[in-house]
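User: Please take a close look at one part of this model, the ligand site and the residue that links it to the protein around it. I would like one connected account of how that part is built.

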Amino acid sequence: MKKILFATSECVPFIKTGGLADVAGSLPKYFDKEEFDVRVMLPNYKTIDRKWKEKMVYKDSFYMNLAWRNQYVGIMEMEYDGVTFYFIDNEYYFSGDHPYEDGAWDIEKFAFFDKAVLSSLPVIDFRPDVIHCHDWQTGLIPVFLKDGFAENPFFQGIKSVMTIHNLKFQGAWDKQTVMDITGLSPYYFTPDKLEHFGGSNYLKGGICYADAVTTVSESYAEEIKTPFYGEGLDGLLSARSGELTGIVNGLDYNEWNPATDPFIYHHYTISNWRREKKKNKLGLQEELGLEKNDKVFMMGVVSRLTDQKGFDLIECVMEQLCAEGTQFVILGTGDPKYENLFRHYEWKYKGRVSSNIYYNNERSHKIYAACDAFLMPSLFEPCGLSQLMSLRYGTLPIVRETGGLKDTVQPYNEYEGTGTGFSFANYNAHEMLHTVEYAKYTYYNKKREWNKIVDRAMKADFSWAVSAKKYEDIYRKLCGE
Ligand code: ADP
Ligand code: GLC
C-alpha cells in the first residue's frame, strides 16, 4: 500500500474559497483504494462550520519550534466519505474570519502550517511515501523536507509533488522576514532556490525542491513557460519542464449531478433535460425576482470577481450583455469595483439582471442548473471548474480559449455539428460580446442545434476517472516503480 498525504489550505466540504478546495476534497476519493492510502491535512480554521467541528476527534498535540517561536500544534482527525482528514489546530494562527488574510500574517501562518504538517507525521504514525502539496501555502513543505527533517530517519525517502493551481499567487515576501519566520538558513535564499527578484518566494521553493511539479491543465502547463503567463517563474518552469506535467482537473460527479443534486428545484438527466431543466429556470426566476419566462435566454456567472476572470471585458460591454431577451444572473464576491458594477445593473434592469454579491454554495448549484449559458471569459485560467459544472448541468459555457478552458470546452462548429460550448480567442470585449450574441442567436433561432450541443455537453466526461490515474502514475514513478 502506498501512502499519500495531501497538504492543502482549503478543502471541501470543510472550507472553500475556490476550485482548490474542490480538487483537494474530491480527488482523494478517486484513487484506487487497494493500492493507495490517501489522507488529507489542512488547517483547523475557526470558520469551519460547527457541524464539522463536532465530528472532529482530538488525536494528539505537542509544541513545535518555528525559528525562535514555540507554538502549539494540535491534531484533530475525522473520517469523511472514506477519506481520513487531519486538521492542524492552533488558535493563534487559524482564528481569522477568512483562510487568507493579510500578506505578512499569511506568510507566517503557512510557514507554521507547513512545518506542523511534517512535525505531525511521526506523532500520528503516518509515514507517507509522497506528500502532495497544493499551491504556495504548502510550498515550504518540500523545502523543510530537505532541510532539518532530512536528518530524521522517519523522513528519509519521502518524496514530494508540488501542484500549481494558480501561479499568480506565490507567497512572496522579503527575505529577512522569511528567514526570521522559518528559521531557514541564508543558504536557501539564493536565486536558484527561494530568492526571487531580491525577495523570497514560497512557491518557488516548492517548485525547486519538489520531486515532481504538476499543474491543472495541459495548456496551462505550456502557457506558464512563457513570460505572459509565467508570473516571473517562466524561466524556472522551463528549466524544470522535464518534471512538469499538466493534468486536467476532474469534478466530483456524485456531488455535481443534476439527477440527484439536493439543492436544485428539479432533477434531470441527459434523456429528460429538454422537459425538466427549464423548471429550474422558473424556480430561480421566482426566487430571485426575475421575470418568469422559461423561454428567455438565461446566462450565469459564478465566480471570484477578479481581473483573472475577465470582468474588465464584461464591464466594458455590460450594457450590451444586458440586452432585451437576456436574463443575467451573477453570483460572486471580490473586487468592489465589480461588485458595484453588478449591483448597479441589477438596479437598472430589475427583473432582468440579478446580482448576488456573496458566497453561497447552494445558490451556485441552482444557477448551474437553471441557466442556458455560463460566461467565463478569463484572462488566464489554470483549469477552471465552473465550466465543468456547467457542462455537467447542460449549461453551455461561453469561454475564452485559455488554459483549462481551452482544454475542456470544445467550441460549437455549426458546419460539422460538433462542440460543447462557445469560445473566442482574443482578450477583447467585443469578441466576447460577439460570441455571446452568437450563442444567444443559436439558442433562439437554431433550437435543434442548441439542444444537440447540450446533449454533447452533458455527455462530456470530466469525472476524476482519467485524471486520478495520471496522478497515480506520478506517485508510482516517485515510489520507484
Ligand atoms: P477559482 O478556483 O480560480 O476561483 P474555479 O472555476 O476552479 O475557479 O473554481 C471556482 C469554484 O468556486 C467553483 O466551484 C464555483 O462554483 C465556486 N464559487 C465561486 N464563487 C462562488 C460564490 N460566490 N458562491 C458559491 N460558489 C462560488
Ligand atoms: C485555481 C485556478 C482554477 C483551478 C483551481 C483548481 O484557483 O484559478 O483555474 O480550477 O485552482 O485547480
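Analyst: Helices, such as the one that matters for this site, are DSSP runs of H or I with at least four residues, numbered from the N terminus. The model is predicted, and with that in mind the description can start from the shell around ligand 2, where helix H1 (residues 19-26) supplies the largest share, three residues. In total 14 residues surround ligand 2, and the closest are His-165, Asn-249, Glu-381, Cys-383 and Gly-384.

Turning to polar atoms, an oxygen atom of ligand 2 is 2.6 Å from an N or O atom in the side chain of His-165, while a polar side-chain atom of Gln-308 lies 3.2 Å from an oxygen atom of the ligand, and a polar backbone atom of Cys-383 is 3.0 Å from an oxygen atom of ligand 2. Taken alone, ligand 2 exposes 300 Å², of which the protein buries 94%.

His-165 itself sits in the loop between strand S7 (159-164) and strand S8 (172-173). Its relative accessibility is 10%, and because buried means under 20%, His-165 counts as buried. The side chain of His-165 is also joined to that of His-134 by a polar contact of 2.9 Å. Beyond its neighbours within four places in sequence, His-165 is in contact with Leu-20, Val-23, His-134, Asp-135, Val-216 and Pro-382.

Methods
Residues are numbered from 1 along each chain as its sequence is written. Chains are lettered from A and ligands numbered from 1 in the order in which they are written. This is a predicted model: local features need pLDDT of at least 70, side-chain atom pairs count only at pLDDT 80 or more; totals for chains, interfaces and linings use all residues. Side-chain values use heavy atoms; hydrogens and water are left out. Helices (H or I, at least four residues) and strands (E, at least two) are DSSP runs, numbered from the N terminus. Buried means under 20% relative accessible area, exposed over 50%, partly exposed in between (1.4 Å probe, protein chains only). A polar contact is a pair of N or O atoms within 3.5 Å; within protein, one must be able to donate a hydrogen and the other to accept it, and residues adjacent in sequence count only if both atoms are side-chain atoms. Contact means heavy atoms within 4.5 Å. A residue is near a molecule or strand if one of its heavy atoms lies within 4 Å of it. Accessible areas come from the Shrake-Rupley method with a 1.4 Å probe; for residues, only the protein chains shown count as cover.
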